[in-house]
Amino acid sequence: MSRMRDYIQVLFMIRFRLAELIAEKSFRERRAISMSEVALGSGVHRATLSKMANQPGTNASTDVVDKLCRYFGCQPGDLLTYVEDVKPVDPG
């Protein structure tokens with residue numbers, strides 16, 4: 001395994017489950033919910049939501065996490081997940 005570690009880079013990061021929570025809320029309420037609606041309802045800027053949804057490794061303050069948990073009626077563990085990302089490394 002240590003030989004394999006020479007050729008991979010293991011990164012750990014937090015992934016936001018924003019798209020999943022929007023889909024779940026849309027299903028529960030039987031209507032489409034846009035990112036703009038989430039921004040308006042949560043008080044989190046649309047650009048911040050877009051980064052959280054589309055850019056792996058994006059940082060968000062606890063204030064943003066708090067607002068989104070309040071909006072979705074969830075716990076932080078429902079919004080965030082910890083994932084391991086394995087990437088090949090060029091040995092040269």
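Trainee: Which exposed residues are carried by the face of H5 turned away from its buried side?

Mentor: That face carries Thr62 and Arg70. Exposed means over 50% relative accessible area, buried means under 20%, and partly exposed is in between (1.4 Å probe, protein chains only). This is a predicted model, in which local features need pLDDT of at least 70 and side-chain atom pairs count only at pLDDT 80 or more, while totals for chains, interfaces and linings use all residues. Residues are numbered from 1 along each chain as its sequence is written, and side-chain values use heavy atoms, with hydrogens and water left out.

Trainee: Which residues of H5 are buried?

Mentor: In H5 the buried residues are Val64, Val65, Leu68, Cys69, Tyr71 and Phe72. Seen down the helix axis, they fall within an arc of 160°, so they line one face of H5. The arc is that of the directions from the helix axis to the C-beta atoms. A helix here is a DSSP run (H or I, at least four residues), numbered from the N terminus.

Trainee: How do you know that the buried residues of H3 are on the same side?

Mentor: Met35, Val38, Ala39 and Ser42 are buried in H3, which spans residues 35-42. They cover an arc of only 100° around the axis, which puts them on the same side of H3. In general, an α-helix has 3.6 residues a turn, so residues three or four places apart point the same way. The elements covering the buried residues of H3 include helix H2 (18-29), helix H4 (46-54) and helix H5 (62-72).

Trainee: Why does Val38 count as buried?

Mentor: Val38 has 0% relative accessibility; the cut-off is under 20%, so Val38 is buried. Leaving aside neighbours within four places in sequence, Val38 is in contact (heavy atoms within 4.5 Å) with residues including Ile22, Leu49, Leu68 and Tyr71.

Trainee: What makes Ala47 partly exposed?

Mentor: Ala47, placed in helix H4, has a relative accessible area of 39%.

Trainee: What makes the link between the side chains of Lys25 and Glu29 a polar contact?

Mentor: The two side chains are joined at 2.8 Å. A polar contact is a pair of N or O atoms within 3.5 Å; within protein, one must be able to donate a hydrogen and the other to accept it, and residues adjacent in sequence count only if both atoms are side-chain atoms. The 2.8 Å value meets the distance limit, and therefore the name applies. Lys25 lies in helix H2 and is buried, at 11%.

Trainee: How do you know that the charged end of Lys25 sits over the ring of Tyr71?

Mentor: The rule asks for NZ of Lys or CZ of Arg within 6 Å of the ring centre and within 35 degrees of the ring normal. The charged end of Lys25 is 4.9 Å from the centre of the Tyr71 ring and counts as sitting over that ring.

Trainee: Why is the aromatic pair of Tyr71 and Phe72 called by its name?

Mentor: Rings of Phe, Tyr and Trp (its six-membered ring) pair if their centres lie within 6.5 Å; planes under 30 degrees apart count as stacked, over 60 as edge-to-face and the rest as tilted. By this rule the count is one aromatic pair. Tyr71 and Phe72 lie 4.9 Å centre to centre with 85° between the planes, so the pair is edge-to-face. Tyr71 is buried at 17%, and Phe72 is buried at 9%.

Technical notes:
Helices (H or I, at least four residues) and strands (E, at least two) are DSSP runs, numbered from the N terminus.
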